[in-house]
Amino acid sequence: MKLRTNILCLAAALAFGFAGSISAREKESGAAVDAAPPVILIRNATILTVSHGTIDKGDILIKDGKIAAVGGMLKAPADALVIDGTGQFVTPGIIDCHSHIAVDGSVNEGSVSVSSMVNIADVLDSDDISIFRDLAGGVTTANILHGSANSIGGQTIVIKLRWGQPASKLPFEGALPGIKFALGENPKRSNFRTPGAPDRYPTTRMGVEETIRSAFTEARDYKKSWDDYNKRIAGVEKNALPPRRNLKLDPLVEVLEGKRYVHAHCYREDEILMLLRVAKEFGFHVQTFQHVLEGYKVADEIAAAGSSASTFSDWWGYKAEAYDAIPYNAALMTKRGVLVSINSDDAAEATHLNQEAAKSIHYGGLTHDEALKLVTLNPAIQLGIDKRVGSIDVGKDADLAIYNHDPLSAYAVVQKTLIDGRVYFDREKDLAGRAALEKEKKDLLEKAKKKQDEEKKASAKKPEDKKAEEKKPDDKKPEEKKTEEKKPEDKPKPPQDDAGEGGAL
Amino acid sequence: MNRHSLKFLAMILATTLLGAGVCNAQSSAGDIAITHAKIFTLTGPPIQDGTVLIHDGKIAAVGAGVAVPAGAQVIDAKGLQVYPGLFDPVTQMGLSEIGAVSATVDTTETGSFNPDVTAATAILPSSAHIPVTRASGITEVIAAPASGGFDSRNATNLVGGQASTIHLAGWTAEEMLINKRAAMVVDWPGIETRSFDFSTFSNKEKTFADAKKEYDTKVNELADFVEQARHYAQALQNPGAGGFQRDVKLEAMAPVVRGEMPLLVFADKARQIRDAVEFCEKQKLKLILAGGTEAWKEKDLLRSKGVPVILKPTLAEPTEEDDAYDRLLTQPEELHAAGIKIAFGSFDNSFARRLGQNAANAVAHGLPYEEGLKAVTLYPAQMFGLDAQLGTVETGKIANLIVTNGDPLDVTTDVRYVFIKGQLTSTDNKQKALYEKYLSRPKAAR
Amino acid sequence: MSWRSVYLPLRRIVLLGVSLGLLAASAVWGQGGEPRSFAIRGAKVVPVSSAPIENATVVVSRGIITAVGTNVTIPPDAWVIDGKGLTVYPGLIDGFTDVGLAPTTSPAPVAESGARPQPAISRGPEDRPATTPWRIAADEVNPGDPRVETWRAAGFTTVISAPKGGMFPGQAAVLDLGGERAGDLVVKSPVAIPVSLQAPGGFRSYPGSVMGGIAYVRQVWLDTKWDVQAEAAYENHPRGVERPKYDRSDAALAAAFSKLAVFLIPGNTTLQIRRSLRLIDEWKLPAVLYGAQMSYDVAPEIAANRRLSVLVDLKWPEAEKDGDPELTPSLRALRFRDRAPSSPAALGKAGVKFAFYSGGIAAPKDILPAVKKSIEAGLSPDAALRALTLSPAEIFGVAETLGSIENGKIANLVVTDGDLFDKKTKVKLVFVDGRKYEVRETLRPTEPPKGDLSGKWKLSFTTPQGQEEATADLSMQPDGTLTGSVTSDHGTGSVFSGWASGEKFRFVINISIEGSSSDVVFTGTFEGTSMKGSIQAAGYNLEFTGSKPSRMAAVQAGGAQ
């Protein structure tokens, strides 16, 4: 009996081991994924724990989606899926603190200067191939943000990159929700005008401050009206009419109550200090300054306020406010006591955040582990999820990336990425699965062409149609039907952080 | 000497010899000997413990037992490595300062045919981008007009102008020049069935037939222009008795139609690549392909016609949803295996310092290391006919060299010394200066 | 003079007039002095609510079905129709369209400069952008809509129509496709409140994103509920309280809900369907999902909400006709195109009630072939028929009187010469509210054209986005056959099925609208160098005018388009 159960478990484990590692376009059915993940043993790898140093030739035991043990010569049940980590490096899964992947439609509600009523959580797109590509870059968690078109933008959400799962299964359970603010050139539309529309207030940094102050003043009053109402119905007026709910102000009240993180896109030193001042005036906290390319100039102030910074590795020069950006930003702020992470703001950049983190060894002399923290433990702390992710410690989620080389190098290639103890990316399996996908595509195209030919024959009696046909070129490959608008333009790698094309951040 | 004192020495040299200026900070032109270095000549196996002697701007000697002449400045490079400086063959270096500020952007002229405009004219020698890029080990670049970049304003250029090769050091553009007229930029037209219309802020659609018609019209216009230029060039050589009216644009095309100046054609899609190759074959023009996102689809053609390809950054996103996630990363190896000469370009200015990183990623995905290194040194030099002067550490070549503490392609490597035209060139730049300034900011009062 | 010498020539004239009328159109109205009593005898009758009956008779009287069966007494005043070889089905129902409504009107006149007028900028949800829920389809019926005839000729007796345009376009009504005055068509109103999450604003105007659209609709529901509460409280005790503001949209929505209308929420892809399911749960409103073409992926999840019905869009995704041959569609798009027609079967299997609607189909002759595709993909013909008849009636609360052939129900019938889903089958007769409509084949009218349509015509028409222009480059043969092409902002399409006869003309082009290929039908009249008529495309029905610049002008302009 026991043997049979074991064989069944092994079969199940293998099935999940293989089904669980998803090649590029295969997605598991809901049923398969809901079943329990197998026990996994990663053996004989260099483990970069981030929290307590490096373990050479170490093992990681994963059970029920969590890290059950870390160390040398671990024992695993006979039916465990064993991943041979010889010569490989295991790190905590990368946490991208500024991402715009997995969003259906525009990442910006760019029409009004305060768009806090919109919520990224409503439009998570689990079909976005960028999820898979970022997984292939070792990313396991991402802070999905609204764009930077507004002084106060929309609500934001932290997700795990569970490729293949429906959108409802992406949010990081228990992570505090966020809201995006934007300061500087983008919300004041320095770099583009909407044709046919009058200028939108604000158009100066002064106006940006007042937009935020005005919104929070309104929110403060709104909160008071609700507090008053709650007092009244707690007392005798049980049937009092509540205030009208305002979806724009609700999240701002949450900010005032410390229940929602503020992630503020900013560049220049003066606007950083401005927001700290405004936050102090209204009694709220800025959780992270994003981009914060001049953060190094006011690092002490940021540290004193207890805010943290999430920045680029070496982007600069594309906007006036980015002209003083330096690649030493992360290291310098770290040295001055700011908690710093390095982010992508871009689906492509997110595929090599390990390399971007490494640059802080060269620019500013961070140590190997300090650099690794920039994309693992630090962003975890910034997002309030460090109890669950960000380092390889017993009890934390088994969110891991396995590299074939020290990750702090341009030569490291991700071999596997695990989330919740399940292999969501497996390079070998992806390579092996490509032929089948090609074949499926080819078969579907042929099938469609056959149908098209049959239909053409059926309607061949209309002489007028023949004329229409002549116009068509050799149409054996019909054009794809694209769905919604994405970024409107196709410039060769503009940094995502611009409002110039309207689809921006 | 340890790392810190070497760095300190470099700083002293830079500041005392050059004054307070950060830009174009080069040492005086005396002899320099780099000693005890591991030298990657790229012409053979590395020299484990060698010396490079620089004299009069050129590499005078390279080897294990090279004697150091008296009076030469000696730089002890024990534990360090010497490489040819990196060469970025497609940039907007000096042509654009802040992409979003159009007043600082001179990358792209208006109109379809601008063969006469020349990058060298608009290069800002004191651009902050130059010392920044140099500090990562890039010693020479090609500044290409109409080559994309952040603020290319949706240009409708067909012929964008002449690209110029420059050293990343010099007080004036003239001092920086390697080749004022290196190549003629052509933006191969594309077929856009869907475009974003800013005036209505909506997607506009065209049928393929219409878009193809527009494409064909543009290609024909280009062909006509080349034909005109050919006749003009002929007339130039044999002017008739009555003389003829000069035309600066057609005149600028003369070296191109004579086969002396290559066309640097920017094309990404398979159709564009194919048509560009066919066009240049028919028109008997020398072709260098830039971009090449779908070059793998036409690799047989590219190989058979011997077309070299300068690839866009490997770290970009694959263009199609169904593309393998590593499509652009494995392409360099695929093209190399097919016998195609490749180089890497940044196609930018503020990201030019990632040149090495892009090459390293290709190596991580199968391209042999030496090929990756050559693709950012020797091969671009060969493509532009400069390999007699640049691209390897060999006697007689221009002394554009870098001394590093490791692999110049990897992201954690420090570039300790940069030599351009044989002069020790500062690796200081605006960013380092800001770093140092704010590193020493006194702790802010609470 | 004997009555014969008067009557017979008169009759000839009448018949001539009638037959000319017949040739000019594809169907004829019920003749004047109409009989109100019919019997179709000896046909196969498919009631839908019960098993098909061979050799049966259906009796219709004063708009109602009065008898169905094999043993039926035919009233003496009934017009008897020989049903041999014929099949009688319940009149088909199109579950969501705007057939029968007045064409969309333009928002504002064109400015002097010719620039397209921009809709007003909305600065937030309180500006209620693109929101007109007070528009009631029942009040905007246009019996002269040419689609009434063409839909009817395809077998449809009933449509659920709502005004088009915007996020809350208006309230839908059940309309029967027959009647003289606008009110005659209305069966029930309001039945539904369609909602669109497609935010129109871009960067100009709120909302400009999908999430903006969702947030906007969410706020509207909250406001509507609050308004109801606030008004009730104010009525109870107005003194000392600030008076609540009147919001036309909220008032209209509240009223519609009080009449038990359902709201129609869109969801076509898996992502959208799941999202809409979540929103329906969140908003706790009676809802119907429309689109649903990826139901094959998520049918069990739809079924989990037992009260949820679905409207399936019959415009199956397909390749663009004029696409780039070197662009391969994505695997995802290919899978979608391949599997979409299997969605109805999947819904049926999961136990979800669903109905069909024409969606993006512009030519009603394409509707049944689209249904056939879903049958080929696994839907039983019975289920397909039900989705065209009884199910939509149930979904919109009119199943007591529509959707099946039962004694006492409204006499909406379609009579064919074979199985409804067989492509060789022709619709012979349609009964709407007991009025008989003959359907002849769309013969090419034979009257020679009165004039020459050849040349370059400048067409103007107004879409919800504003004024647009197009150029029609036509050539007409002596027998009236039209060929050529039409060019507009949406591209160029070749003319097919074009004819001119007398003063009328009709032609069809096929262009890409919003990513899918659509037939655009131009019908109208012309005289000399001017023309006018209507354009039907992608569910829109627009009026257009056209003029042909004189020969001289054309030559001077170089004839360039």
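How many Å should the 30 residues of helix α5 of chain B span, at 1.5 Å a residue? I began my notebook with that one.

**Entry 1: ground rules.** I am looking at a predicted model, where local features need pLDDT of at least 70, side-chain atom pairs count only at pLDDT 80 or more, and totals for chains, interfaces and linings use all residues. Residues are numbered from 1 along each chain as its sequence is written, chains are lettered from A and ligands numbered from 1 in the order in which they are written, and side-chain values use heavy atoms, with hydrogens and water left out.

**Entry 2: a helix in chain B.** Helices (H or I, at least four residues) and strands (E, at least two) are DSSP runs, numbered from the N terminus. Helix α5(B) covers residues 208–237 and should span 44 Å, since the expected span is 1.5 Å times one less than the number of residues. I found its end C-alpha atoms 43 Å apart, which agrees.

Next I looked for its buried residues (under 20% relative accessible area; exposed is over 50%, partly exposed in between; 1.4 Å probe, protein chains only). Among them are Phe208(B), Tyr215(B), Leu222(B), Phe225(B) and Tyr232(B). What do the buried residues of α5(B) pack against? I noted β8, β9, α6 and α7 of chain B, together with β20 of chain C.

**Entry 3: inside chain C.** Chain C has twelve helices and 24 strands. Of its 561 residues, 54% count as buried. I picked out Ser374(C), which sits in helix α9 (residues 367–376) of chain C. Is Ser374(C) buried or exposed? Its relative accessible area is 0%, so Ser374(C) is buried. Contact means heavy atoms within 4.5 Å. Leaving aside residues up to four places away in sequence, Ser374(C) touches Trp316(C), Pro341(C), Pro344(C), Phe356(C) and Leu379(C).

**Entry 4: where A meets B.** Chain A brings 71 residues to this contact and chain B brings 64. Buried area is the accessible area (1.4 Å probe) that two parts lose on being put together, summed over both. For chains A and B I wrote down about 6000 Å², with 54% of it on carbon and sulfur atoms. In chain A, Arg133(A), Trp316(A) and Tyr411(A) lose the most area to chain B, together 14% of what that side buries.

I then counted salt bridges (a side-chain nitrogen of Lys or Arg within 4 Å of a carboxyl oxygen of Asp or Glu). The rule finds ten across this interface. Arg133(A) pairs with Glu317(B) in a salt bridge, their closest N and O atoms being 3.8 Å apart. Helix α9(A) gives the largest share of the side of chain A that touches chain B, six residues.

**Entry 5: where C meets B.** Here 19 residues come from chain C and 16 residues from chain B. They bury about 1400 Å², of which carbon and sulfur atoms give 42%. Which residues of chain C lose the most area to chain B? My list reads Asp322(C), Asp324(C) and Glu326(C), together 30% of what that side buries.

The rule finds four salt bridges across this interface. In one salt bridge, Glu326(C) meets Arg274(B), 2.4 Å from N to O. In chain C, α7 (331–339) and β20 are the elements that give two or more residues to the side that touches chain B.
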